[in-house]
Amino acid sequence: MGSHEILGQAARLASSGLLLQVLFRLITFVLNAFILRFLSKEIVGIVNVRVPLGVLWALFLGWVWLQLLEVPDPNVVPHYGMGVVLFGLSAVVELVGEPFWVLAQTHMFVKLKVIAESLSVILKSVLIAFLVLWLPHWGLYIFSSAQLFYTAVLVLCYVIYFKKLLGSPESIKQHNLPVSRMTDLLPNIPRSGAFVNWTEAKLTWSFFKQSFLKQILTEGERYVMTFLNVLNFGDQGVYDIVNNLGSLVARLIFQPVEESFYIFFAKVLEREKDATLQKQEDIAVTAAVLESLLKLALLVGLTITIFGFAYSQLALDIYGGAMLSSGSGPVLLRSYCFYVLLLAINGVTECFTFAAMSKEQVDRYNLTMLALSSSFLVLSYLLTRWCGSVGFIMANCFNMGIRITQSLCFIHRYYRNSPYRPLAGLYLSPVLLGAFVLSGGITAVSEVFLCCEQGWPARLAHVAVGAFCLGATLETAFLTETKLIHFLRTQLGVPRLTGKMR
């Protein structure tokens, strides 16, 4: 399969995944906004910050959550102990479905993945809303039982799909699957009789180390909150809500694009060769795609940063009421908007870097991630002591900046001896930069005079000002970034979205 065919496949995967993600996440967003009206900050902090870490270590360190850490007041958070046990059980159920998830991801079953995960999340949110309204005295039982229900539905969706798929020999040949029956996905003893396949065990250990380090980098603030008690349960709840709201765009837009184009880069490029030793047609295509993705990430990230600053308080007030819009909530979300810009750029640069690195380079990068993990935990603790929960976002920005710098250096070295310069995607025209700056100034002034204590007519006027500025900025981008517009039209356009999805 040529590079252009692979590019088309990756583009269809990204666009279809994006469409389905937006559809299902919108429903979940509305349900979560409704649920928040009936919860305390302490319950949210326990469920979304501390207990998920108990899931991660359910089989080894679950007793820590029950014996060594501070136990919440039973009057505020009832049924804490049993809730942790049920969350741990849900982790075991989810592990049962991991082989199916890996198989679906490897063979680009994007429709299965998005529908299974989105349907599970929606049903979980519906169950939580029902229990919060009708059985509020259940406390942590509400969320732990809903989590167990979520994992059961998720695994069941994968099992049913692959049960049907593997029952048809034609489907197995069509998708070129490495398994032919369901039992192939269960643990078994190899034909050699050895209980452990040491080649696969070493590979699994390598993946585990990288996953563990990534877990520290992405969830490190939760460990700091849990073990060092730098924030009370209420502040932890507000931080987690803002964190989930701020990362919504990253999950909806950036994640499908990153996952799809990582597959594209990995299939087109050969890991052990630099750009001069690869097929020049493939290098030209990957350079053009990388440049366009960097430009897209930069534009989306800047748009969120500029407009998010002026509309954070209004968004939090609509989403969660005074519990979020007062206090530290708006400052947290404004800071997170800048972090989203770094997330966007890092996602694109790392998806190329991990696809093009050799095994030795990946091992060296793992060592760097180990150092980053340690420094991130220390910096999170110090900055949080200094400036509260916003310190976690500052530490994340520092961590993301280092990772972006490393990836940019790798990309520069990779294309150094070729005529292609994909990092040009990080440059914007002066006219477009001026449009962003002007829009940021106008919306900031609008927030001062129209939001958020002046009533709904003033709020709607503030929204109208933002809509006008956003439209003008997008029009400027459309006129100045013609190369990116051509890429979006040809690879991620409407025909792609309505095409057949696997």
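Visitor: Which helix gives the largest share of the lining of the largest cavity?

Guide: The largest share comes from α11, with 4 residues. Keep in mind that this is a predicted model. Helices α11 (248-268), α12 (280-320) and α14 each supply at least two lining residues.

Visitor: Which residues line the largest cavity?

Guide: Ile253, Phe254, Val257, Glu258, Leu293, Leu296, Ala297, Ala344 and Val348 line the largest cavity. By class, 8 are nonpolar, none is polar and 1 is charged.

Visitor: How many cavities of 30 Å³ or more does the search find?

Guide: The whole structure gives 1. The largest cavity holds about 70 Å³ of space.

Visitor: And the second largest pocket: what is its volume?

Guide: The volume of the second largest pocket is about 1,100 Å³. Its lining has 34 residues, with Val249, Thr303, Ile304, Phe307 and Leu470 nearest the centre. Two or more lining residues come from each of α10 (233-246), α11, α12, α14, α18 (456-480) and α19 (482-491). Helix α12 gives the most, 13 residues. By class, the lining divides into 27 nonpolar, 6 polar and 1 charged.

Visitor: Why is the pair of Phe352 and Tyr414 called edge-to-face?

Guide: Their ring centres lie 5.5 Å apart, and the planes make an angle of 85°. Pairing needs centres within 6.5 Å, and edge-to-face needs an angle over 60 degrees, so the pair meets both conditions. It belongs to a set of 11 aromatic pairs in the whole structure.

Visitor: What does the pair of Phe352 and Tyr414 tie together?

Guide: Phe352 lies in helix α14 (residues 329-356) and Tyr414 in helix α16 (residues 390-414), so the link joins parts 62 residues apart in sequence. Ring pairs also build a cluster of Phe261, Phe264, Phe265, Phe352, Phe410, Tyr414 and Tyr415.

Visitor: Are Phe352 and Tyr414 buried or exposed?

Guide: The cut-off for buried is under 20% relative accessible area. Phe352 has 0%, so it counts as buried. Tyr414 has 7%, so it is buried as well.

Visitor: How do you know whether Cys157 and Cys397 are buried or partly exposed?

Guide: Cys157 stands at 22%, so it counts as partly exposed. Cys397 stands at 15%, so it is buried. As for disulfides, the search of the whole structure finds 0.

Visitor: Why is the charged end of Arg459 said to sit over the ring of Trp456?

Guide: The distance from the ring centre is 4.8 Å. For Arg, CZ must be within 6 Å of the centre and within 35 degrees of the ring normal, so the distance can be checked directly against that limit. Arg334 has its charged end over the ring of Phe309, 5.3 Å from the centre.

Visitor: Where does Leu248 lie?

Guide: Leu248 lies in helix α11. Its relative accessible area is 17%, so it is buried. Its C-alpha atom is separated by 9.7 Å from that of Val340, a residue 92 residues apart along the chain.

Note on methods
Residues numbered from 1 in each chain as written. Predicted model: local features only at pLDDT ≥ 70, side-chain atom pairs only at ≥ 80, totals over all residues. Heavy atoms only, no water. Phe/Tyr/Trp six-rings, centres within 6.5 Å; stacked < 30°, edge-to-face > 60°. Buried < 20%, exposed > 50% of the residue type's maximum accessible area, 1.4 Å probe, protein only. Disulfide = S-S within 2.5 Å. 1 Å grid on protein atoms, 1.4 Å probe; cavity = no way out; pocket = protein on both sides within 12 Å on 5 of 7 lines; lining within 4 Å. Points joined across faces, edges and corners; volume = space filled by probe spheres on them. Nonpolar A, V, L, I, M, F, W, Y, C, P; charged D, E, K, R; others polar.
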